[in-house]
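Please look over the structure below.

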Amino acid sequence: MRIAVTYEDGSIYQHFGHTGQFKIYDVQDGRIVKEEVADTGGQGHGALAGFLAERNVDTLICGGIGAGARAALEQAGIRLYGGVSGSADEAAGALLAGSLVSDPDVCCSHHEAGHTCGHHGEDHGCGHHEEGHGCGHHGEGHGCGGHTCG
């Protein structure tokens, strides 16, 4: 198993498409045996799925992620754990322990109002959020890793 986490200063970076680094964990026998930080070289959004696939990553932990990037990850066969915040190392450990809390419907972006995520055929709006407001889907309680998108 090879886990990647969107990464900045030890924490999970909250905007997948803008991440400058991933922390990559190699796992054998349920334990992390190697860790490295990889620079993305400025690639964004859909290109990042290819970046991860080229490095044989099969699992991604991140904060907010848009519908296009979700689709690219799915096409690349990379399992997504979105809507996660906090320490990258703790999240990787929680995944291995089976206790990672994630939001399978996470969608957070800086797109203009009216952009829809289209999770499972639904049209949850996830437009630009004002400072101090969360990233939920029309009050349904779906989070974006405990941050704001403004």
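Predicted model: local features only at pLDDT ≥ 70, side-chain atom pairs only at ≥ 80, totals over all residues.

S3 and S4 form a hairpin with 2 residues between them. In that turn, Asp 29 has a positive phi of about 50°. Residues are numbered from 1 along each chain as its sequence is written, and side-chain values use heavy atoms, with hydrogens and water left out.

Strand S3 covers residues 21-28 and strand S4 covers residues 31-39. They run antiparallel, and 8 bridges join them. Two strands count as paired if DSSP finds at least two bridges between them. Tyr 25 has Glu 35 as its bridge partner in S4. S3 is mostly covered, with 6 of its 8 residues buried. Buried means under 20% relative accessible area, exposed means over 50%, and partly exposed lies in between (1.4 Å probe, protein chains only).

S1 spans residues 2-8.

| Strand pair | Sense | Bridges |
|---|---|---|
| S1 and S3 | antiparallel | 5 bridges |
| S1 and S5 (residues 59-61) | parallel | 3 bridges |
| S1 and S2 (residues 11-12) | antiparallel | 2 bridges |

Glu 8 has Ser 11 as its bridge partner in S2. S1 and S2 also form a hairpin, with 2 residues between the strands. Asp 9 in this hairpin takes a positive phi near 50°.

In a regular strand the side chains alternate between the two faces of the sheet.

**Thr 6, a residue of S1**

Thr 6 sits in S1. Its relative accessibility is 0%, so Thr 6 counts as buried. Phe 22 in S3 stands opposite Thr 6. Which backbone oxygen lies 2.7 Å from a polar atom of the Thr 6 side chain? That oxygen belongs to Tyr 13. Contact means heavy atoms within 4.5 Å. Not counting residues up to four places away in sequence, Thr 6 touches residues including Ser 11, Ile 12, Phe 16, Leu 60 and Cys 62.

**Helix H2**

H2 runs over residues 67-75. Its buried residues are Ala 69, Arg 70, Ala 72 and Leu 73. They cover an arc of only 165° around the axis, which puts them on the same side of H2. The arc is that of the directions from the helix axis to the C-beta atoms. The face of H2 turned away from this buried side carries the exposed residues Gly 68, Glu 74 and Gln 75. An α-helix has 3.6 residues a turn, so residues three or four places apart point the same way. Gly 77 follows H2, and its phi is positive, near 75°.

**Asp 89 in helix H3**

Asp 89 belongs to helix H3, residues 88-97. At 37% relative accessibility, Asp 89 counts as partly exposed. Which residues does Asp 89 contact, leaving aside neighbours within four places in sequence? They are Lys 23, Tyr 25 and Glu 35. The side chains of Asp 89 and Lys 23 are joined by a polar contact of 2.8 Å. A polar contact is a pair of N or O atoms within 3.5 Å; within protein, one must be able to donate a hydrogen and the other to accept it, and residues adjacent in sequence count only if both atoms are side-chain atoms. Asp 89 and Ile 32 are 57 residues apart in sequence, yet 10.0 Å apart in space, C-alpha to C-alpha.

**The chain overall**

The chain holds 3 helices and 6 strands. From the N terminus on, its elements run β-β-β-β-α-β-α-β-α. Of its 150 residues, 45% count as buried. Among contacts between residues at least 6 apart in sequence, 48% join residues at least 24 apart.

Technical notes:
Helix = DSSP H or I, 4+ residues; strand = E, 2+ residues; numbered from the N terminus.
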